[in-house]
Each structure stands twice: as C-alpha cells, then as structure tokens.
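Open your viewer and get your selection tool ready. We will go from stop to stop, and at each one you will hear what to select and what is there.

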Amino acid sequence: MSRIVGIDLGTTNSLIAYVDEKSGLPRVIPDRDGNVLLPSVVSFSGDGVLVGAAARRQLVRRPAATVYSVKRLMGRGYDDVKEELRYLPFKVLPGEGIVKIAIGSREITPPEVSAIVLRSLKERAEAHFGEPIAKAVVTVPAYFNDGQRQATKDAGRIAGLDVVRILNEPTAASLAYGLQRIHEGVVAVYDLGGGTFDISILRVKEGVFEVLATNGNTHLGGDDFDRAIVLWLLDDIRTRHGADLGSDPEALQELRLAAEAAKIRLSADDRTTLTIPFDAFTYHREITRAELDGLIEQLVDSTLLPCRMALADAGLAPADIDEVVLVGGSTRVPLVRRRVHELFGKAPHSQLNPDEVVALGAAVQARILAGGITNMLLLDVTPLSLGIETLGGIVSVLIPRNTTIPTHAREMFTTSVDGQRVVDMHVVQGERELAKDCRSLARFELSGVDPMPAGMPKIEVVFLIDANGILQVTATELRTGKAAAIEVRPAYGLSEADVERMVEESFTYAEADVEARLLIEARNEADIVITHVERALRQGEALVGDDERQTIGAALEALRRARATEDRELIREATTAMNRATEHLAEVMMDAALKAALASRRADRVLEK
Amino acid sequence: MDHFEVFGLPRRLAIDGAELQRKFYELSRRYHPDFHQAAPPEQQAQALEASARLNAAYRALRDPIARIEYLVRLEEGRETKEGAAVKPKAPPELLEEMFEIQESLQEAKASNRSSGRDPGARATLAGQRDRLVARYRDEEARLRGPLSAAWDDGVPAERGRAIAGFKDALAVRAYLRTVIDDIDQALGEAEEGHVSHRRH
C-alpha cells in the first residue's frame, strides 16, 4: 500500500506528519526552514497566491485579500456565520447553501482555500520523501457535522489528495498519547484550538480506543479570546485617544495580531505591554493576566457545559475519569488549565506538544489504515443525532448521538396518495425536537416508485454513517426488490460537478513557483517597510536631526527603486539597509511612547487620588 | 440477523456486560473497515456492513433498558424505529398527584413570567420532582429485575404476557421522564440541550 500521511488542518495552523517505520513513532515534517507549523492563511494578489507564513505577513497589509480562520466557514451557510462576518476583514458572500469569499472580482469557496493549505503541506511531504503523496488522513473537530466533514473531504480532493479517513481531532490526540503514555482506563480529551472546542471521553482497553461520548462547540476557540481582547482595546483606545478604529480593517488586524501575541505572552508572564504605532498616535497599553482572565472567563466557562454533557452521555462522573489530556494551543492559557483541573479534580496531561499531538495521531491512524499497525483500533462515534423530519416538523431520531460508527438504521417509507411516484425525505442532524431547530443535512427524493394505491409501496431506506462520520443513503422498493433512485440535495455543500470543476481550476490557484514566490515576498516585505518608514517619518520628524532625516530619505528612495526591479537580492539588501537606517529613529520613538505612557499613568494616579 | 444473533446470544435479557464488551472488541477487530483498506471493494463493503451491524447491535444490547425496548420491537416484528415502541402513559395510582403537579407547574411558569420566583412553590415542585424520580428508578428496577426474569424464565406461552408487562412499564417510565423534564425546565435546572436528549 502506498504511503498515507496524517494532516491536522487547523483553524490557525496546519501540520503534516508520518510514522517513522524504523522507530514506529510519529513525526511531524518541517518545511525547508525547519518550521513545523504552517499558518492556515492564504493571500491572493495579481502576482499569485501566498500561503503560510508569507501569507500571514500580508494580514495587515492586504486585509481584504488575505483569508485566515477559514475553517470556521467550512460547510457553513451564510446565516450560520453572518454574526461574526463584521469581524472578518475579507468579504464573505452568501452562495448556494455554502458561503463564498470574494477576493476582488474572484469568488472562492472555503474548501478551495483549505485546498491551497493542503496542497502546500502535500508539497512539503513530497519534498521530504522525494516521492508523490496521494493519500491522507485529515483531522476535523469531533463536533463537526456531516456538511463540515464533507467540505473537508472536498478540500482534499481539490488539493489532489484522496482523503482516506476523516478523523476526529481529540481521538487523534488520544492515539498519539496512547502509543506511549496512556495506560488502560477512561480518558477525557479536552481540545481547545483556534476556532473549535471538543471534549471526548474514551475507554482505552487492550489496544481498543472506544469513544464513549463526545461534545463540543465548532465556534469557540482562541480566535474568540483574541476578539474579546480586541473589543476591550477598541474601547480603551476610544477613551484614551478619542479614535474609533472599529471600522478600519488594517488597524483591526494590527490589534488582533497584537492581542494574540499578548495573550500568548500572558501564559508565561503576569503582565505584558502592547505597543502599536498607528498613523495619528502610538497606542501603548499594559495588560495583566488577571485582566485577560476577566475578558475570557465566560468563554472558558462555556466549555464546561459540553464537558458535563459528555460525561452524562457516557454515564460517568468526573471522578471516574482516570486521565485528562489537553490538546490545542488554547489549552496553554492558565485559566483554561485551572478550570479543567477543577472540573475533573486532577491535573491534566500535557507532555506532548498540544500544537502537534493531533497531527501525530493522524499519522498513527494513517499507519493503521496502511496495515502497519494492527494492535490498535479506534472506535469513534457520531457526535450528533441523525433524524428525519416527520409530520408536523417533528424529528424522528434514527441514529442517536454517540453511536459507534460505522452504523446504520433502516426506515420504511410509503406513499400517501394513489399512484404517487416520488417520496421526499428531509434528513437533519442535531439534538432539538423540531426539524427547523436542527441542522438540515439534505433533502432526498426517491423517484421511480411504481404507481400503486397509497400505502402499498414499501420502500426501505438505509442510512449508513461510515467511519468518517459521513452519511450514505440507499433505498430499495421491497415488493420489486428494485433499488430506488435517490436524488440528494445537500443543504450545505458542493455538488459533485462543483468539486470536479474546482479540481481542474485549482491549477490556476496553484502557488506561484519558488522563485516567483520569493520575489513576491521580498516585494511585500519592502512594501511593509516603506509604509512603516513613511509613517515613522511623519510622527517622529521632530525627534531626529536633519542629517538623519536625509540618510533615511536616501535609503527610502533606494528601496523604492529596488522594489521596481525584478531583482530579489537587490530588494532584500535595500530593505535591510532601510531597517538599519531607521534603527535609531525607532528607538527614540519607542522611548517617547514609553514616557508618554508613564506620564499618562501618573496623571491617572493623580486623578484617582 | 437480529442483534442477539450478531453476538451469538439467545434471545434472553440476562447478559453479562463485561463479556458483551469483550466480544464486541473481538468482533470489532475482525470487521472494522480500518483493517480492510487493502481488500477489494466488494469485501470492503461487506466489512462496512458487518461493522455497522455490530455497532448497532452493541448499542441496543449494552444497556438493560434499551435491550428491553429492542426485544419488544423484535418480538412485535418491528425492526425499524417507525412509530415509538411505547406511548407515554400516566401510572393510574399517580393520577391524583399528577393533577397537583400540573397545577404547581402552571404556577411556577406563571411566577417565572412575572418578576420574582416564589420559593415556596419551587420547594413544593422540587419535592414532587424527587418523588417522581424515585418512582422512575423503581420502574427501571422492575424492568431490569422481575420483569426481565419473567421473560427469561417463562415458558413460551407466558412470553406474550411478559411483553405486555414490558410495554406497560416502559410507557409509565416514558411518561415520568416527560414530567420530570418539564419540572426541571420549570425549575431552571435543565441544562440546555439535555431535555431533548433524554427523550430519545
């Protein structure tokens, strides 16, 4: 069997891993520069497409053309996400069922954006192994519904990957831990990532990893922490500087990145400072861990209810849990650790890197599927109940949530009118009693029923949820034994024809080749520096002498000239020279900002007294 | 193949849970699609089908009450879920108490709508709830205990009566569950999403 890799397609970062045949241990594959994490960011420009760190650097500079956190849009309809769209600097439009992202005059779907990330990882692995990679296990949040899973599978296909398994992230993590660290017993995996939250309860026994229950929220993660900080900063800026930056996409991105960085620093430190130079002023602010805790406490606490519900579904109390495992970058936040510790009454495990553990587990599952590991078996569950809409809009549950997959249910259908040839079904996913409150999965139309008196046809429909958590439906007319034709109209998803077209079109989105990409990066870098220097000169003119102003002006002119050429090295050199020329200016400006901040704090103290 | 046959078990309710789990893991290792990835498509489809059947069977049999619900469906020849196996039915001896409870519920709902919650009404309701929960547990114990034994030990002629007994007890249990959920909701103790789950 050919090589299968494991991919963690994350909200913030993505990784690719494999199991080393000699040691039998999973390993993540770094890029040429040794980076393991690929930021899940894609930036579009006339010159081509950037992905990863290069695209991440475009977030502030080209906010409308740089797509991040696209995982939150996967398999979603416009109504699902319209609340948060005002926080996204790129334009999201309603499509047929699923949303589309508008980049200039071009429209692109979330699976196509994810495909660009996947393709980049695929190329990384191909460079590593020196052979083509065609098959992958790709992870998704356990609480992803059918549409979100299908969208992820589509993304793989568009990237030229056969996704042989959609694997749940917390379960993947348990496999990675299971290889070496988990003993037999009941394990809770608490997985808080950039955009999603999952809790899974598993029983590990004799190499079988049996998921007992899972719960979560596919719209809760580190992104929401950052947003809470940004809203607070916006208020503070309004109060102290009288500026409203809420509708300035570039400023919002600067604030978001600064908030994220501050949040990360506060995992180690008790206090940290943010300094953000804007055109009109430089914003300076100290933030303490207690302040951060206050901002995110409600969000963190909202993860506890899903934990209790998963425990209840598994028929267990917190004390029955033998081990707690933390997964996802957001579990580095001390408040998160504290709350998890309190809930389960024991210190959680975090020996494996929470950013890498899901990819490592995906690699283990890939190895199982390739036949390289035969003593481990994962039995996962479907996270949401599957039902059909019956009379009066009530849901009749066919497959309850937390049923081990693959699983199936049979249901008999008949006609209500003499001679009726077509029968409709509406399949939904969710826990509510009314179909309208659940997630519409698809409408099915059974056609070609032989005309008979009402109630005579006996059509048996089999609903099968496969090991990926994806639904397949087949129907048979029992009297004739004839397979009934089924037309599926997925509520949120791409049609087969859409995917085919995207596979072909994906070559036009293909990442620019290495040389071209390096040139684009160099130019973008130069653009960023030029903007910063222009701003610094406006703000800090009075702080430096004529000579220095002239030196900076000359370097700026040289950089502009280099930028216009095709010579990447020349642009790099000019950028470096520019940075050197402004070192002193940057220092004196930072000094001035600090003094101003101290002065304002003293003023605050005086006022308090 | 019915769910009992999947595990090679007779149609009896006394099942050793640990043994069932052992057998489930053993059969999972045999059928799970993960271990048949290299097989020809036809064989893969068979493994998928066998694995799905095994999982459905384990889910139906591992819980003693679910096991009874499945047995009733099986004995009545309804393999699909169409039409609930039992319609909720109020236990006759509790009718009077049920009137009182409905009254307290109305009051509680009214006071929830108005500003303050009446602590006295809440205490009454909580007491009524606790009695119903105890009654609910009794009903489950009866299902698992004497009623299950009556099925397992009875001669074939008595089995019709055992099934009728199951249906009665299941109907009462379903009714109690509904009322308990309503009270929980009125008391604001139900955590969102939990109510509908219990009714599955």
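## First stop: where the two chains meet

Select chain B together with chain A: 32 residues of chain B are in contact with 42 residues of chain A, contact meaning heavy atoms within 4.5 Å. Before you go further, note that this is a predicted model, in which local features need pLDDT of at least 70 and side-chain atom pairs count only at pLDDT 80 or more, while totals for chains, interfaces and linings use all residues. Residues are numbered from 1 along each chain as its sequence is written, chains are lettered from A and ligands numbered from 1 in the order in which they are written, and side-chain values use heavy atoms, with hydrogens and water left out.

How much area is buried between chain B and chain A? The value is about 3,300 Å², and carbon and sulfur atoms give 54% of it; buried area here is the accessible area (1.4 Å probe) that two parts lose on being put together, summed over both.

Next, colour helix 2 (17–31), helix 3 (41–62) and helix 8 (194–198) of chain B, the elements that give two or more residues to the side of chain B that touches chain A. Helices (H or I, at least four residues) and strands (E, at least two) are DSSP runs, numbered from the N terminus. Helix 3 of chain B provides the largest share of that side, 10 residues. By residue type, the side of chain B that touches chain A divides into 9 nonpolar, 12 polar and 11 charged.

## Second stop: inside chain B

Chain B has 8 helices and 0 strands. Of its 200 residues, 44% count as buried, that is, under 20% relative accessible area, with exposed over 50% and partly exposed in between (1.4 Å probe, protein chains only).

Colour chain B by domain: the assignment, which is automatic or from a database, gives domain 1 (3–62) and domain 2 (92–198). Where they meet, 4 residues of domain 1 of chain B are in contact with 4 residues of domain 2 of chain B. The two domains bury about 380 Å² between them, 48% of it on carbon and sulfur atoms. Select B:Arg11, B:Arg12 and B:Leu13, which supply 94% of the area that domain 1 of chain B buries against domain 2 of chain B, more than any other three residues.

Bring chain A back. Its domain assignment gives domain 1 (4–220 + 302–379), domain 2 (222–300), domain 3 (386–480) and domain 4 (514–608). The centres of domain 3 and domain 4 of chain A, taken over C-alpha atoms, are separated by 63 Å.

- **A:Glu112** sits in helix 3 (residues 110–129) of chain A. At 4% relative accessibility, A:Glu112 counts as buried, and a polar contact of 2.8 Å joins its side chain to that of A:Thr109.
- **A:Leu257** lies in helix 7 (residues 249–265) of chain A. Not counting residues up to four places away in sequence, A:Leu257 touches A:Arg56, A:Leu59 and A:Val60.
- **A:Thr288** belongs to strand 17 (residues 282–288) of chain A. A:Thr288 is buried, with a relative accessible area of 16%.
- **A:Thr531** is in helix 13 (residues 514–540) of chain A. A:Thr531 and A:Arg61 are 470 residues apart in sequence and 9.2 Å apart in space, C-alpha to C-alpha.

Technical notes. Ala, Val, Leu, Ile, Met, Phe, Trp, Tyr, Cys and Pro count as nonpolar, Asp, Glu, Lys and Arg as charged, and the others, Gly among them, as polar. A polar contact is a pair of N or O atoms within 3.5 Å; within protein, one must be able to donate a hydrogen and the other to accept it, and residues adjacent in sequence count only if both atoms are side-chain atoms.
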